[in-house]
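Subject: Structure handover

Hello,

Here is the structure I said I would pass on. My notes on it follow below the model.

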Amino acid sequence: MKPLPSQWLRLVEPYRNREWLECVELLRPLVEQHPDDLGTRLLFGTLCLATDQAGRGLVQFEKLLQLAVGQGDLFRALGAQKQI
């Protein structure tokens with residue numbers, strides 16, 4: 001699943017500027033609105049790690065693992081497991 005392009009466009013500038021905290025703040029509501037979106041949750045977990053929020057990132061990867069297995073997405077499940 002992919003988030004709407006307009007949602008990604010809001011993220012492009014802060015991501016290019018390496019403003020990870022702003023990226024986390026932009027992605028948090030998207031993860032809550034679309035909890036089954038694997039790509040958004042993976043990016044959110046990775047950005048949490050980049051902002052030294054390891055606990056929050058770990059929670060995202062654990063949820064991602066469960067969702068990926070449930071959706072039959074083996075490669076994302078393996079990627080989530082590797083992050084854990």
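Leaving out residues up to four places away in sequence, Tyr15 touches Trp20, Cys23, Leu43 and Leu47. The model is a predicted one, and every value in this message is computed from it. Tyr15 itself belongs to helix H1, which covers residues 5-16. With a relative accessible area of 43%, Tyr15 is partly exposed.

Is Leu11 buried or exposed? Its relative accessible area is 3%, so Leu11 is buried, the cut-off for that class being under 20%. Setting aside neighbours within four places in sequence, Leu11 is in contact with Cys23, Leu26, Leu27 and Leu43. Cys23 and Leu43 are also among the residues that Tyr15 touches. For the pair Leu11 and Leu26, the sequence separation is 15 residues and the C-alpha distance is 6.9 Å. Glu22 is found in helix H2 and is partly exposed, at 39% relative accessibility.

Overall fold

The chain has five helices and zero strands, and along the sequence the pattern reads α-α-α-α-α. It has 84 residues, of which 33% count as buried. Among contacts in the chain with a separation of 6 or more, 44% are between residues 24 or more positions apart.

Helix packing

Two packed helices are described by the angle between their axes and the distance between the axes. I have two such pairs to report.

For helix H2 (residues 20-33) and helix H3 (residues 38-50), the axes come within 9 Å and cross at roughly 145°. The crossing of H2 past H3 is left-handed. On the H2 side the contact is made by Trp20, Cys23, Val24, Leu27, Arg28, Leu30 and Val31. On the H3 side it is made by Thr40, Arg41, Leu43, Phe44, Leu47, Cys48 and Ala50. Sorted by class, this contact of H2 with H3 has 11 nonpolar residues, one polar and two charged.

The second pair is H3 with helix H4 (residues 54-71), whose axes are 8 Å apart and pack at an angle of about 160°. H3 is therefore roughly antiparallel to H4, a description that applies to angles over 145 degrees. H3 passes H4 in a left-handed crossing. H3 contributes Leu38, Arg41, Leu42, Phe44, Gly45, Thr46, Cys48 and Leu49 to the contact. From H4 come Ala54, Arg56, Gly57, Gln60, Phe61, Lys63, Leu64, Leu67, Ala68 and Gln71. The residues of the contact of H3 with H4 divide into 10 nonpolar, five polar and three charged. Arg41, Phe44 and Cys48 of H3 are listed in the contact with H2 and again in the contact with H4.

Salt bridge

How many salt bridges does a search of the whole structure find? The search finds one. It joins the side chains of Glu25 and Arg28, with an N to O distance of 2.9 Å. Both residues lie in helix H2, three residues apart, which is about one turn of the helix. Glu25 counts as partly exposed, at 45% relative accessibility, and Arg28 also counts as partly exposed, at 26%. Arg28 is also one of the H2 residues in the contact with H3.

Backbone angles

Most residues other than glycine have a negative phi.

Arg18 has a phi near 60°, a positive value in a residue other than glycine. Arg18 sits in the loop between H1 and H2 and counts as exposed, at 65% relative accessibility.

Asp52 likewise has a phi near 60°, again positive and again in a residue other than glycine. Its place is in the loop between H3 and H4, and Asp52 is exposed, with a relative accessible area of 72%.

Regards

Conventions:
Residues are numbered from 1 along each chain as its sequence is written. This is a predicted model: local features need pLDDT of at least 70, side-chain atom pairs count only at pLDDT 80 or more; totals for chains, interfaces and linings use all residues. Side-chain values use heavy atoms; hydrogens and water are left out. Axes are lines fitted to C-alpha atoms, for helices over the stretch in contact, and angles run from 0 to 180 degrees between N-to-C directions. Helices (H or I, at least four residues) and strands (E, at least two) are DSSP runs, numbered from the N terminus. A crossing is left-handed if the near helix is turned anticlockwise from the far one by less than a right angle, and right-handed if clockwise. Contact means heavy atoms within 4.5 Å. Ala, Val, Leu, Ile, Met, Phe, Trp, Tyr, Cys and Pro count as nonpolar, Asp, Glu, Lys and Arg as charged, and the others, Gly among them, as polar. Angles under 35 degrees count as roughly parallel, over 145 as roughly antiparallel, 65 to 115 as roughly perpendicular and the rest as oblique. A salt bridge is a side-chain nitrogen of Lys or Arg within 4 Å of a carboxyl oxygen of Asp or Glu. Buried means under 20% relative accessible area, exposed over 50%, partly exposed in between (1.4 Å probe, protein chains only).
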